[in-house]
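Please look over the notes below with the structure open beside you. They are written for someone who has not seen it before.

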Amino acid sequence: MEGTRLMQGNEAVAEGAIAAGVTFFAGYPITPSTEIAEQMAKLLPKIGGTFLQMEDEIGAMGAILGASLAGAKVMDATSGPGFSLKQELIGYAACAEIPCVVANVQRVGPSTGQPTAPSQGDVMQARWGTHGDHPIIALSPWSVRESFDMAVMAVNFAERFRTPVILLTDEIIGHLRENVTLPSPEEIEIYPRRLPKATRAEGYQPYAVGEDLVPDAARFGDGYHIHVTGLLHDETGFPSGSPAVTEHLIRRLHEKISRVGEEIIHTEESFMEDAEYAVVSYGGTARTAYEAVRTARAEGIKVGFLRLQTIWPFADAAVARLAARVKGILVAELNYGQLVGEVTRAAHGTHVRSCLKYNMLDFTPQEITAAIRQMSEEVRA
């Protein structure tokens, strides 16, 4: 794994997951995520892990949840309609607090859409695709090396918070090839599976929590009495019809993630020292947006750049700080307009303009540079 290698983004996701301790993968081939499954099928048997190609996307999601309950670190990978099919069990994982990672390599939709074309149209689905009030963590890499690093991060977050984590990459990054130098195993911080501190004789309760609001759940097969359900439940894991228990559980599910705040929410700024305007972007589009900002600055437009690495929870504080420093914000994304609404909400009245594309093609730097010019003219007017 060490040394400089030419690697594809999808391959880096697979290798990052394994480096973080994933030993079980179940999935179903679907463009443009299939290379993740292919790499997992190649690598997992070499470390004593398990790869399963399931009959469909729903079965694959069920398989990883079962393996996770048995103690394995797990991942699934999909795209487009496959991500739609997984939503019910993503909600089950959120309610039952089952650690898992789902890599979604976005493509054009809706429905079958255009299977090999790039898109960032699943941003809101990642947050609200499954029904009910639930938290979610979603990460968006912009390079091959970051695909590796964020796969590690996703597994660690899933284990630490006992929650589903979405690795929200896209076709651009998934099929990008770059020379990368991966860290040695000793350099990678790995969060272990949370196991109960209480013995069976001490009256173990699978959903009892400590100060961090996250339960230490036993593995199936270790002799503990465990009840897992998608129904709202108390500390025993058994369903409860109590309004108080319902309110407590839903609040706890949200607070166990929201209370750590900036520790989960990662952003990266560039060219902000003298910026009067800013571009906000993420994933594959952020690479083009960065070049567009460089071009605009060469033309004399004082524009900076904010890249969102964590999509959910949303970077409200980072965007609010940005809005307080600039006169206008341009949001560049490959969809009909999804994250721009969140930026507008967090910007508290600062001028926000969208730069959108949804015709199977990725952006050119010239398109985003032209939008930067237009935004600066609107603000000056």
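1. In strand β14, the residues G328, L330 and A332 point one way, while I329, V331 and E333 point the other way, and all are buried. Buried here is under 20% relative accessible area, exposed over 50%, and partly exposed in between, with a 1.4 Å probe and protein chains only. In a regular strand the side chains alternate between the two faces of the sheet.

2. The strand covers residues 328-333 and is mostly covered, with six of its six residues buried. Strands (E, at least two residues) and helices (H or I, at least four) are DSSP runs, numbered from the N terminus.

3. This is a predicted model, in which local features need pLDDT of at least 70 and side-chain atom pairs count only at pLDDT 80 or more, whereas totals for chains, interfaces and linings use all residues. Residues are numbered from 1 along each chain as its sequence is written, and side-chain values use heavy atoms, leaving out hydrogens and water.

4. Which strands are joined to β14? Strand β11 (residues 277-281) runs parallel to β14 and is joined to it by four bridges; A278 stands opposite I329. Strand β15 (residues 351-356) is also parallel to β14, with six bridges, and H351 in β15 stands opposite G328. Pairing requires at least two bridges found by DSSP.

5. From β14 the chain crosses through helix α12 (residues 339-347) to β15, a right-handed β-α-β crossover. Right-handed means that, with the strands pointing away from the viewer, the path from the first strand over the helix to the second runs clockwise.

6. Elsewhere, strands β2 (residues 22-27) and β3 (residues 50-53) pair in the parallel sense over four bridges, and A26 stands opposite L52 in β3. Helix α2 (residues 34-43) carries the chain from β2 to β3, and this β-α-β crossover is right-handed.
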